[in-house]
Amino acid sequence: MTKYILRRILYLFLTLFIIASITFFLMKLLPGTPFTNQNRLSPEQLKIVKAQYGLDQPVFIQYIRYIGGLFQGNLGTSFQFNNEPVTQLIGQRLAPSMQIGAQAMIVGTIFGILLGAIAAIRKNTWVDTLATFISILGLSIPSFVLAVLLQFYLAFKWHIYPVALWDNFQSSVLPTLALAALPLGNVARFMRTEMVDVMSSDYIELAKSKGNSNWQVVTKHALRNSLIPVVTIIGPMAVSVMTGSMVVENIFSIPGIGEQFVKSITTNDYPTIMGLTIFYSFLLILVILIVDILYGLIDPRIRLGNGGKE
Amino acid sequence: MERILDVKNLHVDFKTYNGTVHAIRGVDFHLNDGETLAIVGESGSGKSVTVRSVLRLLAKNASISQGEVLYHGEDLLKKSEKEMDNLRGNKISMIFQDPMTSLDPTMTIGKQVAEPLLIHNKVSKADALKRAEEVLRLVGIPNPKARMKDYPHQFSGGQRQRIVIAIAIVDYPEILIADEPTTALDVTVQAQIIDLLRELQQKIGTSIIFITHDLGVVAGIADRVAVMYAGKFVEYGSVDEVFYDPQHPYTWGLLDSMPTLNTSEQDRLNSIPGTPPNLLNPPTGDAFAPRNAYALQIDTEQQPPFFKVTKTHYAATWLLHPDAPKVTPPVSIQQRFKKYQAWLEGDVK
Amino acid sequence: MEQVPKIPKEKFKLLNKQDNEASESLGTPSLTYLQDVRRRLFSNKVATACLIILGLIVLISIFAPAVAPHNPNAQKVEYSNLPPKLGNLNIPGFNGMQDMGGKEVDAYKQVGAPKGTYYILGTDYLGRDLLSRIIYGTRLSLIVAVLATLVDLLIGIPYGIVSGWKGGRVDTFLQRIVEIVSSIPNLIVVILMMIILKPGLTSIIIAIALTGWVTMARLIRAQTFQLKEQEYVLAARTLGESSTKIASKHLIPNLSSTIIIQTMFTIPNAIFFEAFLSFIGIGIPAPNASLGTLLSDGQKAFRFLPYQMWAPAIILSLIMIATNLLGDGLRDAFDPQSSD
């Protein structure tokens, strides 16, 4: 297991290195200068600025420097925003993003599991149809549409929550709800499929033949077995929350990294875009790694090292 | 001998996409205290459905449309779901076909074996686990104390079936229903499991309903045999009667398709031509008639009643009607008749 | 056990075998796989309804120039931000009335529009007919989605087949690439591509396709692995059929259900990405409308003129819901075990 984790961590860095390289060269392909948005600079000034960022060096040297910087945890310096180091920029804005991201995933997962389990238990009844419809709505309505609607009705019209503010928990409710819809839909559908599968398995029939009531069969056997595979979709879920956070943070004016990313795109702030790309990828690979390890820990068939006889 | 189970005129229907399938079309049988009844038939004949009806463990689209399942005189079909839960795994328990899939993959063996005890008796967890350990030893799991903490995937197929058996007998059931418990196993393991069931029956004195499509297995374990075809019983009697004095052409076909020690390499095994009927629209006459080389005109028009052969042996074939023509059964069956005659005469002497 | 019933003697004659075989042929007519799929799909009311809705939307998009009442890009600034009005019918919300300082005012009279002027879904801030823009916007979004999905298939299917069929080192190498691509959140790849390429239809399609093929390739690879071991494929290989022939004759037909189902999930994904990119302002450039740009415009005016966002939001959600449900229906139809 330790060997496996070490190998996976090695892969993580390898993948990150490749991603960083690809992003770097893609950015170098861009036409024009990155300073088009700043005040018009004289050729001399431009030269100075370029030298300041090391942009007068050959591309290869820049690349070596950039990668070298990465190893020291340096993602470069922003062209905008007072020339702040990108790492610092991320650091300042990480907390709000993490908070609403985590809240959305927790809310989405818990309610998704409940919805999926209820649908599976009441398979082919109106309860199932309703649950399926709710999860399809969650999957189909883009988070930014949902965010705007929530903002308009719950904040602007009915004043239940603040419109766009970032201070206390209250202000995180609407963005959390907007972001939770997609994970909720995903988890509910996945859970339903898994649980329907489990409920028709032989060991559920055996559990029933032991004298378990229907409720006991669900709580003692069906739930745990269908929950284990749900862990595998936490990775994709994190991605969708990340994606959603970019606009949702924008709509609710939350000072997070998603909002920063969109701002950097509109201002051509390449170092920040690159830095955030690498950071997002790092988060994603890390989540997938943690999920894989977690899966190994909770599934006895994997935990004990051999795949069993199947 | 007391009849602990008496099934009367059982009818089971399945609602499917294409219509209603009449899977069980009037089955009567009983189980005596302490005996082993084998139900034999090809796949799809309704053996599993019949015994699952006893425990009321049918799929959601199935319904028992008629009949009675009397357990000590009480109709199980009239019991509430809660009363049934109290019987299952306690008075009547079941062994399933595929040991690879019938154990919960994420629960330790010890807990799974102890579960019926905790459901039905007011015992402490420790006592239940202790009892589970005893039973695991009884069914032949080596070093049960340590292995109780293991998960199903750490056991071989044969061992898993022993565990499934342990779960079924842990609460000393009166009736043990074994639904093809050896089909998914290797031949050598099959024999071990049969031996184990026989041994356990002697030790705990349970009655067994044993379902199989393999006649070879039946001889080793059963007291009585019932042959099932297309949702009905066609012949039943003691093992000797059904094996050596079979009366129904379907039984002939089954026995004739069985390899014996005398089958040489050149001999081809005989098979029954055709396929079982579609039970969406069951035939009006004898369901076996289309595949029956000995079919009579009446077979296509009217279902045969059971004709009495001996006090314990009945067969549902018009061939036993006094007006029926005499037919010559397959050679292998004639040899069986001869053996049976010789044996009976020997007995008389 | 039962009384022996009285039966005429002639009934007890042996039948000969031919009679038996004739009676055996009686059975239910069997359906081919595709007929069965179609029957299962159409017996699913929800899926059928979604199919009809999507069909209508697609038809309207194809015939947009004929259906749209106005030119979607024609500006008439004096008629800007008019509320919906449906002829002279006095339906609340569609009567051209607007709340101005607590009083209901006929907005059309206010701007001096001649009698008979009406915009079913109102106009936007430049006085463009919203209904026409939505029809054209849907058309553009669908074009993006369909083309992106096609490119997706063109990359994903061969990639998956080659990876699964060749196996070994080729597979390991190809899977590494897939792993790396899927390690970057799709959206970031799309955004990076959008920054590098010039904004526009082609860029969006390329950007979306570049990320979408991975899922398709993965599914196809897994299926190809299974199919490779099937008897009939082994037989074809033993008989020396060429790889391309095996792929077209044996693999693609058997992969078709996977491809169709996955396509139904790729399309809403592509629609979402287009809308997302346009929403944050790096998608379809003005003045062309797509569902994303309409949502983006609508959001700006949402607080005061909610209809400008509601209309595109409903259409977008409807398309997404219908494709998702149809995808579900198709999956159940192709693989009945998955649902029951």
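1. Where is B:Glu180 found in chain B? B:Glu180 sits in the loop that links strand 7 (175–179) to helix 7 (187–204) of chain B. Helices (H or I, at least four residues) and strands (E, at least two) are DSSP runs, numbered from the N terminus. B:Glu180 counts as buried, at 7% relative accessibility. Buried means under 20% relative accessible area, exposed over 50%, partly exposed in between (1.4 Å probe, protein chains only). Residues up to four places away in sequence aside, B:Glu180 touches B:Lys47, B:Gln97, B:Ile211, B:Thr212 and B:His213. Contact means heavy atoms within 4.5 Å.

2. On the basis of these values: this is a predicted model, where local features need pLDDT of at least 70, side-chain atom pairs count only at pLDDT 80 or more, and totals for chains, interfaces and linings use all residues. Residues are numbered from 1 along each chain as its sequence is written, chains are lettered from A in the order in which they are written, and side-chain values use heavy atoms, with hydrogens and water left out.

3. The largest nonpolar core has 130 residues. A nonpolar core is a set of buried Ala, Val, Leu, Ile, Met, Phe, Trp, Tyr and Cys residues joined through side-chain atoms within 4.5 Å. A:Phe144, A:Met246, A:Phe261 and C:Ile191 have the most contacts inside it. Domain 1 (17–71) and domain 2 (89–302) of chain A both contribute residues, so this core lies between them. The domain bounds come from an automatic or database domain assignment. Another core, of 108 residues, lies apart from it; B:Leu117, B:Ile175, B:Ile209 and C:Phe12 are among its members.

4. Look at A:Phe144. Beyond its neighbours within four places in sequence, A:Phe144 contacts A:Val247 and A:Ile251, and also C:Phe272, C:Ala275, C:Phe276, C:Phe279 and C:Leu295.

5. Helix 8 (residues 202–209) of chain A is largely enclosed by the rest of the structure, because seven of its eight residues are buried. A:Glu205 and A:Lys208 are among the buried ones. The cover includes helix 7 (170–199) and helix 9 (214–230) of chain A. From chain B, it includes helix 1 (47–55), helix 2 (81–87), strand 6 (92–95) and helix 6 (157–169). A:Gly211 follows helix 8 of chain A, with a positive phi near 110°.

6. Chain B and chain C bury about 2,200 Å² between them, 61% of it on carbon and sulfur atoms. Buried area is the accessible area (1.4 Å probe) that two parts lose on being put together, summed over both. Chain B gives 32 residues to the contact and chain C gives 19 residues.
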